[in-house]
Amino acid sequence: MQQPAPQPSSLHQRDIVAEDFVAIRHIKKLKSRQAISERILEAHANVTNLSLLEAKLSYIRAWQALPEFGISYFVVRFRGQKKDELLGIAFNRMMRMSLAGDALKTWRFNTMKTWKVNWEVKHVMVEFDSEEEVAFQPLSADIKVPHEFIGGYIFLSMQQPAPQPSSLHQRDIVAEDFVAIRHIKKLKSRQAISERILEAHANVTNLSLLEAKLSYIRAWQALPEFGISYFVVRFRGQKKDELLGIAFNRMMRMSLAGDALKTWRFNTMKTWKVNWEVKERNESLNEDLFYKLTGGWV
């Protein structure tokens, strides 16, 4: 019964308020607001025809490509200094920065010789190959936080990448690891199952983890049973239990084996009601949940 939200009209330059998209400190650096509006329109045109999931994936890729991606910042006081500064910690380096965000010096973790923490005076000391020792006191966080960041990143940098799995061959496939037994019994040839598995594997073997997850979600959403909730019920006048499947647009009467017997569409429903006193149900049916599911979609 809910109406879909109206589609937004095309974005025009006159509709753009730069402050809604860009931080004021960046706007001040750019003299022309028209140039900002043009960049925003260009970025909008690149995603306007994408699905929500594809747009999110595009956003994540752009975010990961930023030079400051994955950097955690702490206000610290370096040893021998009288003013506060920033310490940026990334997965492979530490950076000394001014409070305005300007980089002053960078130290790579792969040149680090040793590091230690003085818990009494709350100082972190790091020594590098160049015999340079860096010591600082965190001011914006407990000393444990930068200590754990540095230790965690060093630990990860020491890990060896997992060996790449060898190519999948038909002889390596155990059908039960991929397919439910009830489906295997319906198919006479296990070779046909193995071939389908190899074909599916070939479609994703060169994808990144994020792209493979996106492909999986699309395939899952395309399944005929996607979004259906199942309840064991007893229909009036019947002596045996059956299944009731409830989707966003229909109800289905099914056998316990999962075979569809009848379907009712919500757009053909005249009325519905619940007798809270009788509560004729199987013990596995929660009538409150059933009521909310049907009531929410109708």
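**View 1. The largest nonpolar core of this predicted model has 19 residues.** A nonpolar core is a set of buried Ala, Val, Leu, Ile, Met, Phe, Trp, Tyr and Cys residues joined through side-chain atoms within 4.5 Å; buried means under 20% relative accessible area with a 1.4 Å probe, protein chains only. Ile89, Met94, Phe109, Phe136 and Ile150 have the most contacts inside the core. Two or more residues each come from elements including strand S1 (72-78), strand S2 (85-89) and helix H4 (144-158). Another core, of seven residues, lies apart from this one and includes Phe231 and Phe266.

**View 2. Helix H3 (residues 52-64) packs with helix H7 (residues 209-221).** Helices are DSSP runs of H or I with at least four residues, and strands are E runs of at least two. The axes, lines fitted to C-alpha atoms over the stretch in contact, lie 12 Å apart at an angle of about 170 degrees. H3 and H7 are therefore roughly antiparallel, a term for angles over 145 degrees on a scale from 0 to 180 between N-to-C directions. Leu53, Glu54, Leu57, Ile60 and Arg61 in H3 meet Leu210, Glu211, Leu214, Ile217 and Arg218 in H7, with heavy atoms within 4.5 Å counted as contact.

**View 3. Four strands form an open sheet in the order S8-S9-S10-S11, with antiparallel pairing.** Strands pair if DSSP finds at least two bridges between them. S8 (229-233) and S11 (260-265) are at the edges with a single partner strand each, so one side of each has no neighbour in the sheet. S9 (residues 242-246) and S10 (residues 250-254) pair over four bridges; Leu244 has Arg253 in S10 as its bridge partner.

Residues are numbered from 1 along each chain as its sequence is written, and side-chain values use heavy atoms, without hydrogens and water. In this predicted model, local features need pLDDT of at least 70 and side-chain atom pairs count only at pLDDT 80 or more, while totals for chains, interfaces and linings use all residues.

Conventions
Parallel < 35°, antiparallel > 145°, perpendicular 65-115°, else oblique. Buried < 20%, exposed > 50% of the residue type's maximum accessible area, 1.4 Å probe, protein only.
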